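Trainee: Let us go through this model term by term. I want the criterion behind each label.

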Amino acid sequence: MKNNGIVIGVVFVAVMVIIAVSIPTIATRMNSENQEQIIIGTPWFPGDIDKLNKLGTDEILALAEENETIRELVEKDRQIEPAQIEGLEDVLISKAASIMSDQSLANGSKRSTVIVWVWIAADEEYRDYFGSNWQTEAYNTIESADNAFFRDHDISFVVGKYSEWDSNDNIHDSRLLAEVQEETGWNDNHQGMDMLAAFTNQPTDHRGWAELGGDAWIMKHQITSGWDWHLAQHESSHNYYCPDHGYWGPYCIMTYTFMMVTDQWCDDCDQTIEDNRNHF
């Protein structure tokens with residue numbers, strides 16, 4: 001995990017000066033089964049904290065050409081760490097471990113690990129920003145995001161498919177989630193996958209969106225070190241019915257004030273995930 005203590009401190013102080021409680025952004029739309037689906041949007045922090053995070057690929061690269069500090073920040077952001085790829089051997093080991101734990105469960109000693117198969121989709125802005133390493137960057141984000149799920153709830157995210165999609169440059173809201181679901185064919189055929197994790201790097205009016213109790217979410221890439229996996233964990237938690245707590249809430253990754261500094265859930269969210277750990 002990457003850490004940035006200075007930025008974290010600035011985030012906390014800035015959030016503390018907000019006078020009113022921010023209400024989570026909630027929208028609804030009809031899903032493929034003609035049922036109302038709740039979409040929760042994760043807002044940007046107030047002020048200039050997210051000034052760079054909000055920029056799209058073309059904007060941030062143009063700024064990097066003019067500003068040495070920004071250039072160094074972008075270069076560091078695009079330095080991809082060695083892949084944490086779970087290859088076929090790792091997947092087989094994971095499945096074998098799950099089978100063994102199922103057998104242990106029958107003996108009353110241990111519960112099974114829930115395997116969640118993840119379909120990653122990335123738009124052209126995300127792919128252009130990371131180049132040929134985009135799959136590794138997205139994969140590592142998912143792998144880091146599932147650490148707490150595995151630690152606390154015996155849930156393991158395993159990436160099984162990648163797709164490219166061309167996002168509409170004129171859409172900057174929750175409609176991007178509907179777009180990627182439609183263009184990848186997710187609405188018609190999950191192709192054996194359980195969760196759709198979409199990545200964009202075009203300007204958006206929110207940090208990300210997720211279906212509450214659904215099976216899909218989307219996030220805008222965060223140039224601030226280490227924030228991507230926090231956001232991925234936050235958005236995927238919505239699929240397990242975890243709500244947002246706004247800015248004033250418990251020490252929980254679902255509380256905006258703390259979402260970039262912890263991978264822990266509050267007691268209520270932990271229980272919600274436990275109650276829905278077999279959601280997929």
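Mentor: Start with contact: it means heavy atoms within 4.5 Å. This is a predicted model, so local features need pLDDT of at least 70 and side-chain atom pairs count only at pLDDT 80 or more, while totals for chains, interfaces and linings use all residues. Residues are numbered from 1 along each chain as its sequence is written, and side-chain values use heavy atoms, with hydrogens and water left out.

Trainee: Which residues does Ser167 touch?

Mentor: Leave out residues up to four places away in sequence, and Ser167 touches Asp123, Glu124, Glu125, Leu176, Glu179, Thr200 and Gln202. Ser167 sits in the loop between strand S4 (155-165) and H8. Helices (H or I, at least four residues) and strands (E, at least two) are DSSP runs, numbered from the N terminus. The protein has 10 helices and seven strands.

Trainee: What makes Ser167 count as buried?

Mentor: Buried means under 20% relative accessible area, exposed over 50%, and partly exposed in between, with a 1.4 Å probe and protein chains only. Ser167 has 5% relative accessibility, so it counts as buried.

Trainee: Where does Ser167 stand relative to Leu177?

Mentor: The two are 10 residues apart in sequence, and their C-alpha atoms are 9.7 Å apart. Leu177 belongs to helix H8 (residues 175-183), where Leu176, Leu177, Glu179, Val180 and Gln181 are buried.

Trainee: Which residues of H2 and H3 make the contact?

Mentor: H2 supplies Ile60, Leu61, Leu63, Ala64 and Glu66, and H3 supplies Glu68, Ile70, Arg71 and Val74. They divide into six nonpolar, no polar and three charged. Ala, Val, Leu, Ile, Met, Phe, Trp, Tyr, Cys and Pro count as nonpolar, Asp, Glu, Lys and Arg as charged, and the others, Gly among them, as polar. Arg71 and Ile60 are 11 residues apart along the chain, with 8.9 Å between their C-alpha atoms.

Trainee: What makes H6 oblique to H9?

Mentor: The axes of helix H6 (residues 134-145) and helix H9 (residues 227-239) come within 8 Å and cross at roughly 60°. That angle makes H6 oblique to H9.

Trainee: Is the crossing of H6 and H9 left-handed or right-handed?

Mentor: A crossing is left-handed if the near helix is turned anticlockwise from the far one by less than a right angle, and right-handed if clockwise. H6 and H9 cross in the right-handed sense. The crossing of H2 and H3 is left-handed.

Trainee: Which residues of H6 and H9 meet?

Mentor: Glu137, Thr141, Ser144 and Ala145 of H6 meet Asp228, Trp229, Ala232 and Gln233 of H9. This contact has three nonpolar, three polar and two charged residues.

Trainee: How many bridges join S2 and S6?

Mentor: Strands pair if DSSP finds at least two bridges between them. Strand S2 (residues 36-42) and S6 have four, in the antiparallel sense. Ile40 has Ala210 in S6 as its bridge partner. S6 also pairs with strand S7 (residues 216-220), antiparallel over three bridges. There, Trp209 stands opposite Ile218.

Trainee: What lies between S6 and S7?

Mentor: Four residues, in a hairpin; Gly213 in the turn has a positive phi of about 75°.

Trainee: Why is Asp154 called buried?

Mentor: Its relative accessible area is 17%, below the buried limit, so Asp154 is buried. Asp154 lies in the loop between helix H7 (147-153) and S4. Its phi is near 55°, a positive value in a residue other than glycine. Most residues other than glycine have a negative phi.

Methods. Axes are lines fitted to C-alpha atoms, for helices over the stretch in contact, and angles run from 0 to 180 degrees between N-to-C directions. Angles under 35 degrees count as roughly parallel, over 145 as roughly antiparallel, 65 to 115 as roughly perpendicular and the rest as oblique.
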